[in-house]
Amino acid sequence: MPGLRWLCSTWCLLAVLAAHTAADDQAAPPTAPSIRLNTIGYLPGKPMVATIATATADGGKYQIRRLHDGAMVWEGDLPTPKANVDTDEKLTIADFTKLAPAAGEYEIILVNSGERTRFRVAEDLYHEPFRVATRAMYLWRCGMPVSGDHQGAHFEHGPCHLEDAYLDHVGGGHVQRASVGGWHDAGDYNKYVVNAAATVGMMFRAWEDFGPAIEQNKLDIPPTDPKLPEFLAEIKWELDWLLTMQADNGSVYHKVSALNFGGLIASDRDSDARYLAPWSSAATAAFTATMAQAARLYKPYDATFAKQCREAALRSAKFLREHPEEHEADQSAFNTGGYHAPDGDDRLWAAAEVWETTGDSDAFADLEERLAAHPNFDVDWDWQHLKNLGLITYLFSERDGRNPKLVKQLRKGLVAAADETVAAAANHGYARPFTKYYWGCNGTVARQAIGLEAAYRLTGNEAYRHATLDGLNHLFGRNCFGRSFVTGLGGQPPLFPHDRQSAGDAVASPWPGYLVGGPNPKATDWSDATEDYRTNEIAINWNGALIYALASQLPPVDGAASPR
């Protein structure tokens with residue numbers, strides 16, 4: 001199944017069901033409203049569209065009322081409803097883009113039924129969602145106490161997993177090799193190199209594309225490195241852990257994990273022994289890419305750390321050259337996330353970042369050979385398929401020597417993928433810019449923003465940026481549930497994510513800022529229930545994609561160039 005992160009063991013599932021059933025503490029799902037829109041709101045001057053679910057043959061009329069003075073500022077006719085195949089609904093569209101309302105609070109009213117829903121228009125609309133989603137990475141930290149407040153609730157856990165990790169399964173006996181730190185991967189507390197690298201790569205892409213705008217946002221994260229911007233300081237917490245995963249010969253251990261998924265307890269009460277898993281070529285290549293990119297991004301702020309990352313990247317790049325065969329980690333002792341996929345995409349990304357950082361001719365030759373063999377930009381991608389990150393690095397590089405024909409071919413492939421995404425949104429009743437449903441598909445919806453932004457930078461076509469907004473609209477409520485998919489943000493957000501931290505603490509609210517996986521395997525198949533890991537788990541790679549999409553909508557800083 002595409003995007004499947006792990007198959008929960010029978011023991012784990014039974015434990016979850018026994019500990020946290022719907023009958024115990026989870027309310028029946030609310031009825032979806034007829035008006036389904038972005039519950040965060042809309043940006044001035046950008047498309048403003050809501051989807052209306054209706055059983056009537058004609059659409060009827062709708063109105064827009066300004067709340068501060070009660071003025072009715074818009075009235076429009078709803079088009080004849082059309083069938084939306086994947087949700088099996090009749091839907092019509094309320095498009096009030098031409099209203100171009102000023103910042104403020106409004107409500108949309110269905111004239112026939114009187115149903116109404118409020119929405120906000122603001123230039124800084126995505127400041128708070130970006131802050132909360134990025135701070136969620138801090139709240140995911142392993143190996144230290146963390147705390148934070150959100151909407152009147154206080155969240156905290158003490159130091160956790162301070163004995164990471166034992167060498168039993170990599171030939172070292174029951175001896176600890178220090179691998180403390182990093183982020184918990186998802187609804188479980190294990191740490192996986194391939195997914196960590198994918199997440200960092202997406203967040204680095206956000207910094208390269210929108211760094212000055214990101215710097216304008218205070219993240220409410222306790223300072224850990226005053227030399228660094230907050231955003232890079234948070235990513236460094238993950239990088240410091242990743243550096244512990246590199247063996248002396250340059251290979252990289254695949255993961256730090258317990259042997260089985262644990263129960264629904266807070267991280268600081270999780271006492272299961274955790275072990276290093278053997279090295280894999282995918283983890284080694286993804287690590288190489290991440291460290292090479294870090295070397296250039298941190299150099300303006302911390303030359304010593306940048307040098308450490310560069311040396312680590314080159315050590316692993318050398319190991320990869322000496323071991324060109326694919327090597328899968330032996331995970332036979334583990335029943336936790338496998339995160340295995342062929343390593344060709346990771347090697348391509350590694351070659352791109354090593355070349356961009358160092359100008360290495362061998363990496364450049366390897367990169368162009370791999371790009372020529374796979375020149376298309378993937379519409380559907382995640383940790384299993386990371387070549388898009390390398391393709392973008394190559395395509396926007398300012399280094400000399402690129403093959404003009406290859407550049408042209410890659411540009412064409414990127415634009416074609418963006419056009420496909422725009423078409424998907426245009427043909428969907430909720431303007432969802434991705435047409436598949438699987439484990440973590442909400443992350444893929446957010447991840448479309450990376451390709452769409454790259455295509456916009458090549459062409460200036462605003463349709464690509466509008467499609468990114470379509471994705472955010474969908475994630476924050478313009479969907480068949482009429483609800484936000486991000487904990488603590490938007491209207492009727494998830495209350496019961498599959499997350500051990502949220503389920504294991506004494507706070508009623510879930511930890512805030514996390515994108516849940518979403519419908520799987522059908523558009524209507526999602527439930528807000530802790531035991532439904534299939535649709536309601538959280539994961540760092542989905543948040544990394546969301547962070548990029550949100551960063552793309554922050555107000556730009558005039559005259560500022562993205563840091564390189």
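In the predicted model, Glu234 is buried, with a relative accessible area of 1%. This residue is part of helix α5, which spans residues 230–244, and its side chain takes part in two side-chain pairings: a polar contact of 2.6 Å joins Glu234 to Arg141, and a polar contact of 2.8 Å links Glu234 with the side chain of Trp183.

Along the principal axes, the C-alpha atoms fill a box of roughly 70 × 60 × 45 Å. Of the 564 residues in the chain, 61% are buried, and among contacts with a separation of 6 or more, 72% are made by residues 24 or more positions apart. The accessible surface comes to about 21000 Å², with 51% of this area belonging to carbon and sulfur atoms.

Most residues other than glycine have a negative phi, and most peptide bonds are trans. Against this background, the peptide bond from Asp164 to Ala165 is cis, with omega near 0°, and Ala165 lies in the loop between β10 (153–157) and β11 (166–167). A cis peptide bond also joins Asn520 and Pro521, where omega is about 5°; Pro521 is found in the loop between α14 (500–504) and α15 (533–536).

Positive phi values occur at Tyr339 and Gln492, neither of which is a glycine. For Tyr339, phi is near 50°, and the residue is placed in the loop between α7 (303–322) and α8 (344–358), where Tyr339 counts as buried at 2% relative accessibility. For Gln492, phi is about 45°, and this residue lies in the loop between α13 (462–475) and α14. Whereas Tyr339 is buried, Gln492 is partly exposed, its relative accessible area being 40%.

How values were computed: Residues are numbered from 1 along each chain as its sequence is written. This is a predicted model: local features need pLDDT of at least 70, side-chain atom pairs count only at pLDDT 80 or more; totals for chains, interfaces and linings use all residues. Side-chain values use heavy atoms; hydrogens and water are left out. Buried means under 20% relative accessible area, exposed over 50%, partly exposed in between (1.4 Å probe, protein chains only). Contact means heavy atoms within 4.5 Å. Accessible areas come from the Shrake-Rupley method with a 1.4 Å probe; for residues, only the protein chains shown count as cover. Helices (H or I, at least four residues) and strands (E, at least two) are DSSP runs, numbered from the N terminus. A polar contact is a pair of N or O atoms within 3.5 Å; within protein, one must be able to donate a hydrogen and the other to accept it, and residues adjacent in sequence count only if both atoms are side-chain atoms.
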